[in-house]
Amino acid sequence: MQKIKMTTPLVEMDGDEMTRIIWKLIKDILITPYVDLKTEYYDLGLKHRDETDDKVTVDAANATKKYGVAVKCATITPNYQRVEEYDLKEMWKSPNGTIRAILDGTVFRSPIIVKGITPYIPTWEKPIVIARHAYGDIYKAVDGLAGEGKAELTYTDTDGKKNTVTVFDFDGDGVVLAMHNTDKSIKSFAKACFNYALEVKMPLIFSAKDTISKKYDGKFKEIFEKIFNEEYKAEFEKEGVDYTYTLIDDAVARIIRSNGGVVWACKNYDGDVMSDMVATAFGSLAMMTSVLVSPDGVYEFEAAHGTVTRHYYKYLKGEETSTNPVATIFAWTGALKKRGALDGLSDLADFAERLERATIETIESGKMTGDLVGMFNLPGVKAEKLTTEEFIKEIAKKI
Ligand SMILES: NC(=O)c1ccc[n+]([C@@H]2O[C@H](COP(=O)([O-])OP(=O)(O)OC[C@H]3O[C@@H](n4cnc5c(N)ncnc54)[C@H](O)[C@@H]3O)[C@@H](O)[C@H]2O)c1
């Protein structure tokens with residue numbers, strides 16, 4: 001059999017623990033037998049990040065900018081315990097944070113739907129994609145404690161002119177918080193959302209609370225509306241999808257009542273909370289893909305979950321594990337499909353589609369990893385728990 005050729009390399013970011021093991025199995029069993037895989041490899045495993053003083057993460061992000069498409073394995077974000085475990089020189093920053101800052105992206109999270117795994121909201125038949133603005137708000141806020149006295153907020157313009165407003169006149173203890181965002185970042189967020197909705201041909205909802213936060217959330221609403229009307233309206237009409245702005249409380253009610261099939265753009269905190277709610281309601285974190293899309297059209301695909309540390313410690317003891325590789329497989333297929341589309345390689349894109357179908361059909365035939373067994377319910381099909389490797393080999397049979 002002739003292998004499928006690639007023309008441009010994919011930026012490959014390897015990672016840590018159980019997902020690093022799965023990464024190799026996926027490549028060896030599901031990809032390289034069929035594709036003449038061309039990648040530019042970056043080892044983001046914690047040991048190598050430490051050896052390179054985390055330069056490898058920055059290099060990988062810059063390579064992604066250069067080539068346009070990357071696939072990333074889950075990585076450890078070090079805390080004190082990891083500094084000890086890996087004898088690190090420093091508590092390196094989250095690789096995802098570093099990559100996001102360089103690519104200036106929006107994160108889209110989307111569930112993989114399989115027959116037999118019913119969402120907790122039974123009407124959710126199609127995916128709900130959460131687009132989370134990944135800059136500013138409470139994540140870059142200044143907060144503090146207050147006592148009796150006045151909290152004020154002062155803005156000084158470049159000429160030194162000051163404008164001070166009273167936040168609150170305290171007659172006892174309390175708390176204050178000041179946060180910001182920038183038009184530049186909001187515009188990037190809006191464009192990434194409009195581009196993504198067009199690409200997946202799904203309607204887009206953007207929600208905020210401009211009735212209360214008139215200027216702050218009002219600015220988000222205004223920027224979305226302006227960019228939509230000036231740059232995207234005609235294309236949305238052509239593709240038959242629509243854009244709606246609504247209040248966050250109304251959006252929650254609409255989403256719960258919907259049958260899915262929508263991209264929901266959320267401000268940073270809303271996206272943080274809602275993406276976990278949506279992932280859980282769809283069944284499993286291990287069935288959730290994530291893609292970072294930059295405003296200039298650079299894509300980084302990954303699984304939404306972490307490195308599955310608990311399973312890795314079992315693996316190190318020589319025990320068989322049944323870790324779910326589906327989201328990591330879909331990170332690879334997402335990246336291969338995108339590379340295929342950009343380079344005009346339809347056989348590469350077809351292969352990626354085929355691998356996705358084979359993965360879904362394997363689960364629907366009753367063969368799956370342990371995390372899915374308890375929630376699988378398809379009349380006439382008995383769920384059978386396989387190890388990670390057995391499951392991946394079953395998928396290969398279906399390809
Ligand atoms: N995007 C990323 O790279 C990313 C995201 C989150 C966490 N992390 C890192 O991962 C490590 C572990 O973090 P965590 O335990 O909070 O998150 P995790 O996603 O690895 O695990 C959370 C829970 O979900 C289960 N789970 C997750 N993925 C699974 C899969 N594929 N198959 C079966 N079960 C699965 C785990 O067993 C665990 O109970 C940490 O060091 C953290 O820094 C990385």
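At what angle do helix α1 and helix α11 pack, and how far apart are their axes?

1. This is a predicted model, in which local features need pLDDT of at least 70, side-chain atom pairs count only at pLDDT 80 or more, and totals for chains, interfaces and linings use all residues. Residues are numbered from 1 along each chain as its sequence is written.

2. Helix α1 (residues 17–31) packs against helix α11 (residues 326–343) at about 55°, and their axes are 10 Å apart. That makes α1 oblique to α11, a word for angles that are not under 35 degrees (roughly parallel), over 145 (roughly antiparallel) or 65 to 115 (roughly perpendicular). Helices here are DSSP runs (H or I, at least four residues), and axes are lines fitted to C-alpha atoms over the stretch in contact, with angles from 0 to 180 degrees between N-to-C directions.

3. On the α1 side, T19, I22, W23, I26, L30 and I31 meet T328, I329 and W332 of α11, where contact requires C-beta atoms, placed from the backbone, within 7 Å. By class, this contact has seven nonpolar, two polar and no charged residues.

4. α11 also packs with helix α12 (residues 346–364), at an angle of about 160° and with axes 7 Å apart, which makes α11 roughly antiparallel to α12. Among the α11 residues that meet α12 are V326, I329 and F330, and by class the contact has 10 nonpolar, four polar and three charged residues.

5. Of the 17 residues around the ligand, T77, A286, H305, G306 and N324 come nearest, a residue being near if its C-beta atom, placed from the backbone, lies within 6 Å. By class, this shell has five nonpolar, nine polar and three charged residues.

Notes: Helices (H or I, at least four residues) and strands (E, at least two) are DSSP runs, numbered from the N terminus. Two residues are in contact if their C-beta atoms, placed from the backbone, lie within 7 Å. Ala, Val, Leu, Ile, Met, Phe, Trp, Tyr, Cys and Pro count as nonpolar, Asp, Glu, Lys and Arg as charged, and the others, Gly among them, as polar.
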